[in-house]
Every structure is written in C-alpha cells, then in structure tokens.
Amino acid sequence: MTGDKEDYKNLRKVCNSLNYEVKKERQKSIHNDLNGGPKRYWKVINKIMGRQLTDEIKLVEGGVEIDEPFDIANCFADHFKNKVENLSNGSTCDNFDIPDLNGWVSEDMMFNANLIKDAFNCLKSSKAMGLDEIPGIVIKDLRDVISDPLSWMFNNIMIQGKIPKAWKVSKVIPIHKKGAKDSVNNYRPFSNISSLSKVFERGIISKLKNTPEDVFYGTHQHAFRKGSSTITSGLVFQDFISNEIDNKKVVLAYSADLTAAFDVLRPNLLVKNLLELSINPALVRVIHNFLSERSAFVQIGESSSYYWTLPMGCVQGSVLGPILFNIYMRELPEVISKAEPESFTLAYADDSYIAISCDKLNLKNGCVSLSNIFSRHKQWLDKQGMLCNPSKTELIMFGNLDENSNVEIKLGDTKLKPQKTMKVLGVMFDDQLNWRAQVSKTLAKCSSISYSLRLLNNILPRNLNRQVIHAHFISHLMYGSPIWAGCISQKNTARLSTCLNKTLRLHCHDFTRSLTNQEICNRSNIRSFKSLSVINDAKTLYRLVTQCANFNLVQRLTSQSLFNSRYPNRIAFMSCGRRRASKNSFVNRAKVINESIQFDWIDMKQATFEMCLKRSVPLYIP
Amino acid sequence: MNEWKNNNNLDQLIENETRTRLVAGTIQKSRIDLIFTDILGVTTSCEFMSNSDHCLIKSTILNLRTTNQKQGVKKGVTYLDWRNYSSSRVIDLFCKFFRGIDIHMHDVDDINDSITTAICLALNILVPKRTANLTGPQPVINGTIRNLRNRKSKLHKKMENDR
C-alpha cells in the first residue's frame, strides 16, 4: 500500500510537471502561429473558434466514403451537371428567338485605354485565380503596359461579338452552404474565371451603367447595388409592415425560395429583357456570347474533374453575373402587382418576399389574394425556367392579435399555416414585431462564441483580442441591429447588454466583478450595446439619406428640405403620429438618433461622417 | 568582377566569410566562395568567365530551393513563392516576353493567348510554384505522456479501491 502511494505520488509529480510543460508548449505553438502575419493568425483564431475551413473535403455517397480528390471532383461535377439538367428538363419556360444582332458598333461601345484602367481599379486583388492562374494583383500591376493591347482585344470582341474561348471555361470550386459537409447537396458551384475576363466584364458593366439602376432592376431589388444591403431591405420590409399595422390592418407575407436560381438563367430570355431595356445590340450580342457555349470543371486541390457544358446560368463568381441576374428578375414586382395592385415586393438576389395587407374582418379575402399572387408568381417563375421550392416557402401573418384564428392559405398545391416567425435575410421577424425570436437567436449565438473567446483570452495579445471580439462577437451581436435594436423591450436590451459586458469583463481580466460596466467599456475601448446600436442606426440613416433617396421609406422619412429652421443643428424629419407601430417605424427611431448627429454632417463623406459620429456618441450609454 | 556583377544585375549569394587564415600573426577572414545569381530562371549551361585560379562560373539555378521554407504549410502542399515578386520586375519581364508580338491580330483567341502567355512566362519566373518540405507542427501530447497519465489514473483507482 505504502509502495503504491509513493509510486502514485512520484507519478503525480511527473505528470503534473509534464502537464505544465504541455500547456506551456501549446501556448508557445499558438504564439508561434500567431506571429505569421494577419492571414495566419486569423486562421489559428478561426480554428480555435470552431470555424475551421475544410481544405480536405470528404464525401459519402451511398454509404461509401470518397476521399480521393479526383473522385470527389468527378462526384461534384456529376452533381452540378445533373442538377441543372434535371431542372431544365422539367421546365416549361418561354422560348425567344434572338433577332439578328449584327450591325455597326457605335463609337460609345468601344473601349479605350482610360476606360480599361478604370476597370482595373475596380478589380479586387485578393480574389482567387481562374483557369489562367493569373492573380488579380499581377493584372493590376501590369495595367499601364497591358491597357493598350487589351483595348485592341476588347474592341475586336465588340466588333466580332465573340469572346475568347478560354474565358468561357470556369474552374468550379464547391463552396459549402450549410448542413453536413459530406453531402454534395450542401455545396454550391462557385466559378473562378480568368482575370482578363473580369477586366472585360468590368468594362461591360461601365457601358451598362449608362442606364439608371432603377430602370434595370426596379426599386424592389436590394442585392448587388450601391447603398443597398440586407439591412436596407429589412428596413423597407419592416416599414411596410409597421405602416400597415398603424392603419389597423393585418399583413400576410410569404418568402419564396428558388432552387439553383443562378444556374438556370436562360441566355435567350435575358437577351429579350436586355432588348426591352433598349440596350445597344452590340452589347447584347457580346453578353449573349458570354453566357452561351460555356463549359466547366471542378477542381479539388490539385485534381480536376471532366469538363461539362453549361447550357444556361449566369456564372456564379463572375463580375457580370449578379447584374445579369437582377435584370432577369426585374419584372417580378410588375407580375405581382398585376395580381394584386396593393401588394409589396422585396427581393434580395434570389430571395423574394411578397406581402399584402388586408382588414382584420376581411382576412379571408386577403388569404385568397395571397394565393392568387402565389400562383401568378409561380407561373411567371415557370416561364422564366425557375423552380420555386414549396417545402422552403414560409408564411407569416403580422399584426393579428387573435391567436385562435385558424387561417390556412393555399400556396400552390400545399396548404400552409402562418408561422410565428420568419427569417428575412438573417433577421428573425416575429408576428408581433417584438423581436423576441431575434434576441433569443442572438443570445444563443453570442453565448457560444463567448465560451470560445475564453480560450483565446489568455493567449492573445490585448490588441488582437479586441479585434477578435469585434470580428467574432460584436458582428453577431449587432447583425441587423438598425432593424431591431431600437424596438426591443428594456428587459431584452438588458439581456444583450449583460452578454456583451460578460465578454468585456473577460477581456479586462475582471473575474471578481470589481469594475463597473462603464469602467469595463473605457478600459477595453469597446462600446456598450446601446452605444453600438446608436452608431449603427446613425450610419444606416446616413446611407439611406445619401444613397437610397428613391426608397419610399426615405421619402417619408425626410421632408422636402432636410434643413430644420427651428433647430439648425438637427435634421428636419417628417412628423409622425404613429402609435401602434411605435419604434418599429424608422421615423420614430430616426428622431432618437437625431440627437447624436448634426444637420451638416449629411453632406460629409462617409468616412468623415463616421469619425464625427464616433466622437459625438459616448463610449458608454447606460 | 564587381562591374560585371552590376552590369548583369546580379546578386552575390554568399554573404559571410568562408575562409579563416593566419596572416602575419593575425587571423584574417575572407570570402572566397562567390556565387552570383539573378535568382530568376533556369540554366542548362556552365560558363567559365576567367582563367585565373579564382574561377568564375556563370550558372543559374534550376528551381532554387532554400532551407527557409514557408512556415505552417503542410508537407507536399504546393504554394506560390512570392518572395521575388515586385511590380517593377513583373512589368520588365512582361515587356521582355511581349516584345516582338504584333497585337494587331484579328482573332481574339490569338490576342488573348499572346497576352496570357507573356504574363504566365513572367509569373513562372517571379512567382514559382513550390512544394512544402516541412512537416506540420508535431502534436504536443505524445505517447509517453499518455502512458504516464494512464499509469497514474490506474494507480489512483487501485488506491481508491483499497481504501
């Protein structure tokens, strides 16, 4: 017994000292990893935070594990090819015979060296290489010497109406969406195209931009536009709902999910759209050529799959693709308003949200109208060759206080009951607009991140730790905050503030809770929840007023002149007598922010505005 | 020799003294290994530049590998080595390879090919592909520690049972 005890003590001593060394070694190795520059340390941090990007994809097909890169590449190629083929075989889309687009190319359609240099400036250096394996940074460095040869080539492309064959080959990289990583269904095809093609596409966009964006896409589309974002789309949707609730109405809304929307875009129908917009035929001819006769292959590591032809699609990953997709979808609000003139349409790329309002007593009529809208919507999508996924379609009813009302709406072949919540571009809208679901979701996410941050707290240097908190914690905490943060109850605000303060306490090494919340904010130099919320609201207001002046929301927000004769320092917002929607009306929230910003700041550049804002809003707001 | 080195835009690879000898009672260090390179490309020939006892050999090195490998890259992974890249060098090399090509062709595929080829040739020299030789960091917990821990927990269990 005594022998065992002594043995145990000795072993314990050895183990403890070894454990200490292991810990020390681990910290040392992480320190070494962190010294390899920003790209390297973010990789390490992401690994610790559980966001490790899988370099090695392993698939399981029919219970068999595939781990050879060549087999995986072919497996993805089969999947992407069959998916588009199946969608195109089952569709009954319109056909359009392309008229003769040959003719004289006008001078304004030609490229000169200056235009190409501008196109170079818009290129991003960090983007992945295409088939030509020329990095973006090299092309940018060469801009002075290759502008002339490129302008000769681009002008020849415009005259001949055909682009080089090498540009029509896409290197497809599977990008994981969500769900299990070993299933091919959970990946999207992302094309890397050659760098020179990207310069040409930029040039084409500059030619297209001669037409105003609203003519192209309509005001309903918020994706891939300057000044628009998921936040502006959420705000517009919230404004519509709160406005209707104020008028004592009920809002019925559904979200439509399209299957592989970007991959089934028909080049012929796009040409029809472009010609309707009176785009120069020479440009239309080049765009049609850009989309037709394309081929692709999947690359996994060093291995690549077989080539397959792409009969349709707008090339996800190209510069021109998103703009062409927006043009393709531009008729959507027209189609919806034909079915119901007072409907509301919102789109963010392939996500669309349709809503109508009706009187509470007239709920049945509202349901019928919504089903009509859906069937018209579906018909139009069929004509465009797109497929709406009914299993992912969500229905919600806003502003109905009667919980016992049994409403069922027939959307297509399925009958749907309104849900309590609906996710609109990452923000959870609930039927009473009290944002409880969004707060719960945010808290759940932030709590798990906070746990991972504990691991990093002792290892990372203070400055880096602050960056990590901003990148991994505050970005989740404040996502969509201009939509919901100003409308939540005091109790929920306190819950979110406590969550943030807990993380900041960790950052300040205040384990005994001896510091006050204000001291924590000052010491860590990170803003409190309310301060962050005011800053985000003010930034959104600036963006809305300066860049989205055509939105109804902004037109209602501001009077004809923003100048406030009574208080020259403040902006003159329209007076608003809304009570029921309360803070869900952006006008009511804007008045609160108005105290933090001054009238003449609106004319400043964005960076200057943000600097002034940061100075005016205190770090800690109780 | 210095003039020749400057004219050809070369660098001396050996920077430290490589010979130690006693001269008039004092130790003197000198550099006798002279390796000039422009670290740019591949050579197949060795050329003797002088006939003295210090023989100057002009050679360029095929796929120059240095011991200073990129850190944190797994063994066998191919990566691009950007250490020799600079915007002025890439412009010079592109002009060198693109010189003599008549761009006023009418086939867009030909124009694209000639531009892309010139850029790729410049990149092959400036940003060569390398294969990582180093293995990744070894796992800190090795077999010995694990065995010791197991022995410790077994003893602890035994002691608990005896009690």
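## Sheet in chain A

In this predicted model, strand S5 (residues 249-256) of chain A and S13(A) pair in the antiparallel sense over five bridges; two strands pair if DSSP finds at least two bridges between them. Helices (H or I, at least four residues) and strands (E, at least two) are DSSP runs, numbered from the N terminus. A:Val251 has A:Phe398 of S13(A) as its bridge partner.

Both strands belong to an open sheet of four strands in chain A, ordered S10-S11-S5-S13 with antiparallel pairing. Strand S10 (344-348) and strand S13 (394-398) of chain A stand at the edges with a single partner strand each, so one side of each has no neighbour in the sheet. On average, neighbouring strands of this sheet are turned by 20° against each other, direction ignored.

Helix H13 (residues 332-339) of chain A packs on the sheet and touches S10 and strand S11 (351-359) of chain A; the direction of H13 makes about 155° with that of S10(A). Axes are lines fitted to C-alpha atoms, for helices over the stretch in contact, and angles run from 0 to 180 degrees between N-to-C directions. Helix H14 (residues 363-383) of chain A also packs on the sheet, touching S5 and S11 of chain A.

## Contact between the chains

The contact takes 37 residues from chain A and 33 residues from chain B, two residues being in contact if their C-beta atoms, placed from the backbone, lie within 7 Å. On the side of chain B that touches chain A, helix H2 (87-98), helix H3 (108-126) and helix H4 (143-162) of chain B each supply at least two residues. The largest share of that side, ten residues, comes from H4(B).

## Helix H3 of chain B

The 19 residues of H3(B) should span 27 Å at 1.5 Å a residue, and the end C-alpha atoms are 27 Å apart, which agrees; the expected span is 1.5 Å times one less than the number of residues. Buried residues of H3(B) include B:Ile111, B:Ile115, B:Ala118 and B:Ala122 (buried: 20 or more other C-beta atoms within 10 Å of the residue's own, C-beta atoms being placed from the backbone).

## Conventions

Residues are numbered from 1 along each chain as its sequence is written, while chains are lettered from A and ligands numbered from 1 in the order in which they are written. In this predicted model, local features need pLDDT of at least 70 and side-chain atom pairs count only at pLDDT 80 or more, whereas totals for chains, interfaces and linings use all residues.

Technical notes: Buried ≥ 20, exposed ≤ 12 C-beta atoms within 10 Å, placed from the backbone.
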